[in-house]
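My entries follow in the order in which I looked things up.

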Amino acid sequence: PIPALAAAADESAAAAASTVAVAAVSGSAALAGDAQAIAALSLVQCGSAAGRVATGRMSILLSLLPLGSAAMSEAERAVLGNTILLALCAAVDVAVAIALKFGRQWRAARKAKTSDDAAAPRNDVTTGDAFGLGWIGAFAMARFPSLVFHAAQLQLPGTAVYSMSLVLQGSVSAVALLGVATTLALPFAVLWGARRRGGSTFLRTRTGLTFFAYTDAQRCVPWVCNGSALARRVWFWVGPVGRWGPKEAAAMFSGPIRQLRGAWRGFGVVGPLRAILFAAVAAIPAPRGPLCTLQFAALAAVTVAFPAALFVAAPYRTRCLGPMNLVSSLFAAVTIAAAAWLSASDSGTDAGALHVLGVGTLGVAVSSLLQAAVVLGVKAIERLYLRHDGKATPFLECDMSRENVGPSGAVLASHRAALLSMPGAGADGVEMRHASPV
């Protein structure tokens, strides 16, 4: 049954890779961290052949499109491919922003020439630019540099483990040094974006990030207000406690810290730092034996230590992400333990270890998929019920502190009537002042 178990482990790893890739692209780049750590096990030199083959089925998470000449090694092609794809992503993002900027201006100017008031140029009150979209608005619509940070986080683990393997094994080249430089630059860029943009006075109302806490009234969506006490408890863990704003700044700079609260935005570097440390340990050319077991133990410790710190600190704006992230890292640690088990066995194809390896990879995939569902669900709820830029729909004005089921329809109607009767209130709701930044 050993070949069948090995094939099952390979298939589970391939299924996990595809699932995690979809979850990471649709939700957050951090969701792929544990799966990419499992894929990096295929580069551990002292690992068994069966373990390297099984985890190697997930290598697409480390390098989507290796590029380079035939004379280059596999690691060099992976590093070069990741770097070129990142540069292309940045170039395309900037090109889209430029097209939005001048394309909208051209359409507005052409429309003005055919209108009766063509002689009176219209001015965009938001951006200050005549006939169109300003640079800040264009970059916000193109989500630059937020999308570039997202792509950089996705390629970081692969670039780190391949480039560090080249350096530690003595194959130092320009491509390897480029990969190491790109790897080490990302945490500093994330930290700069989180700290500098959060405290900058340059166009602060447009590009300065601020975390606004939702009031209890704003967090009370209708199906929670009119639901049971269980619905309130579930929403306590699943519902967001605030958002990043203003809208333009959140679209441009909040990518790495979108799921964090304002006071904990420095924790955005935890994912890149864990990936770099994991890659450095995995790239060490240790021989088989006690040193190999120690290497796998260090990899498992790195995998669990950072999510455990996040679980204790609870920096997420959605409370359930901390425990879910920890569960995913525990599944990854189980997979690492199975790889160590395979390496320590005489044949390298132990049946129990192959079972554990398959279960661990599938557990990581399911955990990543659930986290992506929570992230996307929260995003949809915010767009439907929690308006941007301080807007709140009138029916959100109910008391979340009540322990009973919630206000009746008559109470909600009275809240709506009272809010709509306020000066300046309209069909889109009233202007709500958020709590102070947290």
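Predicted model: local features only at pLDDT ≥ 70, side-chain atom pairs only at ≥ 80, totals over all residues.

**Surface**

How much accessible surface does the protein chain have, and what share of it belongs to carbon and sulfur atoms? I found about 19,900 Å², with 68% of that belonging to carbon and sulfur atoms. Accessible areas here come from the Shrake-Rupley method with a 1.4 Å probe, and for residues only the protein chains shown count as cover.

**Ground rules**

Residues are numbered from 1 along each chain as its sequence is written, and side-chain values use heavy atoms, with hydrogens and water left out.

**Overall make-up**

I looked up the secondary structure next and found 17 helices and four strands in the protein chain. Helices (H or I, at least four residues) and strands (E, at least two) are DSSP runs, numbered from the N terminus.

What percentage of the 438 residues is buried? I read 49% for the protein chain. For me, buried means under 20% relative accessible area, exposed means over 50%, and partly exposed lies in between (1.4 Å probe, protein chains only).

I also checked the contacts, meaning heavy atoms within 4.5 Å. Among contacts in the protein chain with a separation of 6 or more, 75% are between residues 24 or more positions apart.

**Cysteines**

A disulfide is a covalent bond between the sulfur atoms of two cysteines. My criterion is a pair of cysteine sulfur atoms within 2.5 Å, and by this rule I count one disulfide. Which cysteines form it? The partners are Cys 46 and Cys 292, with their sulfur atoms 2.1 Å apart.

Where do the two partners sit? Cys 46 is in the loop between helix H2 (33–40) and helix H3 (49–56), and Cys 292 is in helix H14 (residues 290–313), so the pair ties together parts that are 246 residues apart in sequence. I also looked up the torsion about the S-S bond, which is about 80°, so this disulfide is right-handed.

Are Cys 46 and Cys 292 buried or exposed? Cys 46 is buried at 1% relative accessibility, and Cys 292 is buried too, with a relative accessible area of 2%. I looked up two further cysteines: Cys 89 is partly exposed at 26%, while Cys 320 is buried at 12%.

**H14 against H15**

On the H14 side I noted Cys 292, Phe 296 and Leu 299 among the residues making the contact, and on the H15 side Leu 326, Leu 330 and Ile 336 are among them. By class, this contact has 17 nonpolar, five polar and no charged residues. Here Ala, Val, Leu, Ile, Met, Phe, Trp, Tyr, Cys and Pro count as nonpolar, Asp, Glu, Lys and Arg as charged, and the others, Gly among them, as polar.

Ala 314 lies in the loop between H14 and H15. This residue is not a glycine, yet has a positive phi near 50°, and is partly exposed with a relative accessible area of 40%.

**The loop between H5 and H6**

Which peptide bond is cis? I found the one from Phe 144 to Pro 145, with omega near 5°. Pro 145 is in the loop between helix H5 (135–142) and helix H6 (146–168). Arg 143 is found in the loop between H5 and H6 as well; its phi is positive, about 55°, although Arg 143 is not a glycine. Arg 143 is partly exposed at 33%.

Ala 97, in helix H4 (residues 74–113), is buried at 0% relative accessibility. Leaving out residues up to four places away in sequence, Ala 97 touches Ala 138, Phe 139 and Ala 142.

Ala 176 lies in helix H7 (residues 174–199) and is buried, also with a value of 0%. With that sequence cut-off of four places again, Ala 176 touches Ser 163, Leu 166, Val 167 and Ser 171.
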